[in-house]
Amino acid sequence: MRKKISKILVTGGAGFIGSEFVRQAASQGRKVFVIDKLTYAGDLGRLRPVRGRYKFYRADICDRKQVDAVFRQVRPEAVAHFAAETHVDRSIVEPASFIRTNFEGTQVLMEACRKQRVKRFLHFSTDEVYGEIKIGRFSEGDRLRPSSPYAASKAAADLLVQAYFRTYGFPGVIARPCNNYGPWQYPEKLIPLAITRALRNQKVPVFLKGQHLREWLYVSDCAEAALELLDYGKLGEAYNVGSGQHKTNINVVKAILDLLAKPYTLIAFVRDRPGHDFRYALDAGKLTKELGWRAKTKFSEGLRATVCWYVNYCGKKKQHI
Ligand SMILES: NC(=O)c1ccc[n+]([C@@H]2O[C@H](COP(=O)([O-])OP(=O)(O)OC[C@H]3O[C@@H](n4cnc5c(N)ncnc54)[C@H](O)[C@@H]3O)[C@@H](O)[C@H]2O)c1
């Protein structure tokens, strides 16, 4: 088997999933370099456990000069690309920054990779590129039908990575994970929002009646899949990263309230998000078959660990996070 990648440049390494990837890669003794603009969603505190074992560059992936300068210094063997604007609701209010970072930023990075002859580029996409599915599960060959500006910006980037592969033989691999959860997620997404609001006895907003169905993947499982794909994913290919664990939003919120011993009266049903996908579901068989990866964490265990982490973190901070 080919050797694992030893020198990785990680974009968005101060974000939720990127930081878990950095913690795992650095703990394995790989040389890790991080580019992050540190938007509202970036926080270097997430990298405290591996302090001194990575090098940080504050840079915007849309800025060619900054990106080229970092690539010249680092000369990465591979790039793991997590940096993105990620919140669907924000993309509905202000789509331009999503197109800039998620689409144009990806192109800037791919050009820098071509100049420096980077060997592998893991593009972190999302299950949202497929849009919703009423029954069954999406496979990698299915059509991309994104519903939100966020999902469209990610789908556009996927197509560009595939076009670069066909046109230039660009060494891209695409990961399409389902919804992640776990410690350190910025509390605008469902699970950390519900936990942090319930801890303060504030209402927890849930779209419609909470019947939307999502597939949930614990963040450490996702980062393990990302490392496998970076090392051994087939160039030019896309891979679904799913857990097979589906829950309606209302059941997720009720499980959180149960763990915190809070009443269901905290739930506030709110008007639905425009273009809201009803159901996502992935077939992750390709990743299991080719690389042997499977999600390990049961949702009930991952959720308990996540709730404990926020209780501890909010207790220490004594302020809203
Ligand atoms: N969180 C999920 O459930 C989920 C699911 C599927 C796919 N994804 C994808 O995984 C990746 C990581 O998601 P996340 O939840 O960790 O995101 P996040 O919002 O927690 O972190 C994004 C990081 O990117 C940085 N960033 C944003 N714009 C930048 C720019 N222009 N230049 C440099 N850095 C910039 C931010 O500072 C932040 O550190 C994203 O590409 C996202 O689309 C996320």
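Visitor: Where does Asn 201 lie?
Guide: Asn 201 sits in the loop between α6 (190-199) and β8 (204-207), and please keep in mind throughout that this is a predicted model.

Visitor: Is Asn 201 buried or exposed, and why?
Guide: Asn 201 is exposed, because 10 other C-beta atoms lie within 10 Å, and a residue counts as exposed at 12 or fewer.

Visitor: And what is the phi of Asn 201?
Guide: Asn 201 has a positive phi of about 55°, although it is not a glycine. Most residues other than glycine have a negative phi.

Visitor: Where is Leu 38, and what phi does it have?
Guide: Leu 38 is in the loop between β2 and β3, and it has a positive phi of about 55° without being a glycine. Leu 38 has 14 other C-beta atoms within 10 Å, so it is partly exposed.

Visitor: OK, switching to the sheets. In what order do the strands of the 7-strand sheet run?
Guide: The 7 strands form an open sheet in the order β3-β2-β1-β4-β5-β6-β10, with parallel pairing. Its edge strands, each pairing on one side only, are β3 (54-58) and β10 (238-241), and the twist averages 20° from one strand to the next.

Visitor: Which helix packs on that sheet?
Guide: Helix α5 (residues 149-168) packs on it, touching β5 (120-124), β6 (172-177) and β10, and the direction of α5 makes about 155° with that of β6.

Visitor: How many bridges hold β1 and β4 together?
Guide: Strand β1 (residues 7-11) and strand β4 (residues 78-81) pair in the parallel sense over 4 bridges. Within that pairing, Val 10 stands opposite Ala 80, and the bridge partner of Ile 8 is Ala 78.

Visitor: What is the order of the 3-strand sheet?
Guide: That open sheet has the order β7-β9-β11, with mixed pairing. The edge strands are β7 and β11 (246-248), each of which pairs on one side only, and the twist averages 50° from one strand to the next.

Visitor: In which sense do β9 and β11 pair?
Guide: Strand β9 (residues 213-218) and β11 pair in the antiparallel sense over 3 bridges, and Leu 213 stands opposite Thr 248 in β11.

Visitor: Now the ligand. How many residues surround it?
Guide: The ligand is surrounded by 30 residues, of which the closest are Gly 12, Gly 15, Phe 16, Gly 42 and Ala 84. That shell divides into 14 nonpolar, 11 polar and 5 charged residues.

Visitor: Which element gives the most to the shell?
Guide: α1 gives the most, with 3 residues. At least two residues of the shell come from each of α1 (16-27), β2 (31-36), α4 (96-116) and β7 (179-181).

Visitor: Last topic, the overall build: how many helices and strands does the protein have?
Guide: The protein has 10 helices and 12 strands. Its radius of gyration is 19 Å, close to the 20 Å that the globule rule gives for 321 residues, so the protein is as compact as a globular protein of that length. The C-alpha atoms fill a box of roughly 55 × 45 × 40 Å along the principal axes.

Visitor: What share of the residues is buried?
Guide: Of the 321 residues, 47% count as buried. As for contacts between residues at least 6 apart in sequence, 79% join residues at least 24 apart.

Definitions and conventions: Residues are numbered from 1 along each chain as its sequence is written. This is a predicted model: local features need pLDDT of at least 70, side-chain atom pairs count only at pLDDT 80 or more; totals for chains, interfaces and linings use all residues. Two strands pair if DSSP finds at least two bridges between them. Axes are lines fitted to C-alpha atoms, for helices over the stretch in contact, and angles run from 0 to 180 degrees between N-to-C directions. Two residues are in contact if their C-beta atoms, placed from the backbone, lie within 7 Å. The radius of gyration is taken over C-alpha atoms; the globule rule is 2.2 Å times the number of residues to the power 0.38. A residue is buried if 20 or more other C-beta atoms lie within 10 Å of its own, exposed if 12 or fewer, and partly exposed in between; C-beta atoms are placed from the backbone. A residue is near a molecule or strand if its C-beta atom, placed from the backbone, lies within 6 Å of it. Ala, Val, Leu, Ile, Met, Phe, Trp, Tyr, Cys and Pro count as nonpolar, Asp, Glu, Lys and Arg as charged, and the others, Gly among them, as polar.
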